[in-house]
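Please read the following report with the sequence and the structure side by side.

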Amino acid sequence: MADLRELYQQVILDHNRSPRNYKRLPDASHTAEGTNPLCGDEITVYVLLEDDVIKDVGFQGSGCAISQASASLMTSAVKGRGTDEAEQLFRAFHDMVTAGPDAPADSKALGKLAALAGVRQFPARVKCANLPWHTLHAALTGVHEPVSTE
Amino acid sequence: MTTLHQVSRAKASAPPVLDLRRIRADFPILGHLSNGKPLVYLDNAATSQKPQSVIDTLTRYYQAENANIHRGVYELSQHATLAYERARAKIQRFINAAEPHEVVFVRSATEAINLVAHSYGRSHLHAGDEVIVSVMEHHSNLVPWQLVCEATGARLRVIPMTDAGELVLEEYERLFNEKTKLVALVHVSNSLGTINPVKQMVETAHTNGVPVMVDGAQGAPHLPIDVRDLDCDFYALSGHKMFGPTGIGALYGKAALLDAMPPYQGGGEMIRSVRFEKTTYAQAPAKFEAGTPHIAGAIGLGAAVDYLHNLPWDLIQAHEYDLLTYATESLAAIPGVRLVGTAREKASVASFVLDGVHAHDIGTILDQEGIAVRTGHHCTQPVMERLGIPATARASFAFYNTREEVDALVAGVLKVREVFG
Ligand SMILES: Cc1ncc(COP(=O)(O)O)c(C=O)c1O
């Protein structure tokens, strides 16, 4: 049976209760919207890019604990990194949450993001964890239509 | 129509004795486990479970009775045709329609509404005309009308509701004018549980010379339906929500309206004669049943209607009222829980929100306890917007649910509070 405690770890509950970087960047150079229409999760990601480095990043929106915590952890993880590093993290994160319930999590590469590894055991919630990342990716690559992970 | 108030009065004089154990035994899935726990199925508004008699009817049809209908001269085909038409007559009696040919088989309630929107809507609506809908419509009874409005230049007018989830009838009456061409109204709200005063609202519309389409997807699972008493012009039924198969539904339409409407889809079965110069169409309902229909589904829906017909409805309604009252009181007693949809006339639907916890997290944690509820906007985004909430968790009960299952739900919600500290 999937483990609730692993899904709702203290880190996740904490980031859900007090999300980091929950802010609009008035001087954002890149912005994108993500929505999962079926569950109603909505997020906007703001990025201030300078010389391919994420100088600042913020998000706003509403959704479940998983999507809120994922956005909060993501913004903390990518701030100050180059865009290709951020894209690498995105791929590693994506692989982790879609790896299937029994795969080991490569927590070294992911650092704090590994707190979301529990999502693997809850297939219905993978899209919640992924939404902020797809939205960040859309912002960095200049997609103007809202993205979705449903 | 018996209202819940009447049922509650009846309850006071004669305590209900519904043999729940026997009823539950009719639904094989209710004995199954989910996540290692006994399944507590509280998502009946999304789809209901099926009694063994419906499952057996489908199996028997495919094992021994399968043939296309209205075509073969051979015995098997004639038998299938008879069974299909007999199912139509069962549904006619179930909703007290005047004639069997007032019942059109469709895929779902959604298709029933699209049929009316497409056929009746496009032939009757013109630029500047108005269609009245309510703020609590399921997207199924909203988007088809938006599409017709886009195509014809007509526009939607919206009946507002109170915070409790009751339509404001004075506002409804004020919406009528000489441009009003149709009212499309949900009988029972899937997200709030509200039972709308359809009969009275139909009367108002008819006083203004306007026909009414009723979305009855959530009506038939909870209430005896009498389309002649309601005097509605169209009524949509969803097979899978009334203990029948998926992929089948029915549209009731008054004969005079159906006869005057153009076809919805073209194909076999719906024609009288086909020539390149001119094709003429069959009468309703065949006119609206192009192609090979879901024969097994229709016959299975007939079996569901037989099953419902044999239930003690006074006891069923008293039991559902008891479940609703018990669930409402038990949930409301949990700190941080707020019930959404508190209309006086309600079907057994308990939508709720929990302070600081998103509905999806509630759903995931309840799922671990074997409890199936729906979370989200329930295809009623305008309701969520009106109430200023992103989503609710919804427990929707059928007559086979028990007080013990309400207890399990309450224990599950307490667990959610525990996880979220
Ligand atoms: C009020 C209401 N109308 C219409 C529908 C659509 O019914 P169907 O699934 O038969 O298309 C639903 C189902 O969710 C509903 O609850």
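The shell around the ligand is made up of three nonpolar, eight polar and two charged residues, where Ala, Val, Leu, Ile, Met, Phe, Trp, Tyr, Cys and Pro count as nonpolar, Asp, Glu, Lys and Arg as charged, and the others, Gly among them, as polar. This is a predicted model in which local features need pLDDT of at least 70 and side-chain atom pairs count only at pLDDT 80 or more, while totals for chains, interfaces and linings use all residues. Residues are numbered from 1 along each chain as its sequence is written, chains are lettered from A and ligands numbered from 1 in the order in which they are written, and side-chain values use heavy atoms, with hydrogens and water left out.

Of the 13 residues around the ligand, B:Thr110, B:Asp215, B:Gln218, B:Ser238 and B:Lys241 come nearest, a residue being near if one of its heavy atoms lies within 4 Å. The table lists polar contacts of the ligand, that is, pairs of N or O atoms within 3.5 Å.

| Side chain | Ligand atom | Distance |
|---|---|---|
| B:Ser108 | oxygen | 3.5 Å |
| B:Asp215 | nitrogen | 2.5 Å |
| B:Lys241 | oxygen | 2.7 Å |

On its own the ligand has 400 Å² of accessible area, of which the protein covers 89%, as computed by the Shrake-Rupley method with a 1.4 Å probe.

In chain A, the axes of helix α2 (residues 10-17) and helix α3 (residues 65-78) come within 8 Å and cross at roughly 90°; helices here are DSSP runs of H or I with at least four residues, and strands are runs of E with at least two.

As for the backbone, the peptide bond from B:Ala284 to B:Pro285 is cis, with omega near 5°, and B:Pro285 sits in the loop between β12 (279-281) and α11 (295-309) of chain B. Although not a glycine, A:Asp52 has a positive phi, near 65°, in the loop between β2 (41-50) and β3 (53-62) of chain A.

Conventions: Axes are lines fitted to C-alpha atoms, for helices over the stretch in contact, and angles run from 0 to 180 degrees between N-to-C directions. A polar contact is a pair of N or O atoms within 3.5 Å; within protein, one must be able to donate a hydrogen and the other to accept it, and residues adjacent in sequence count only if both atoms are side-chain atoms.
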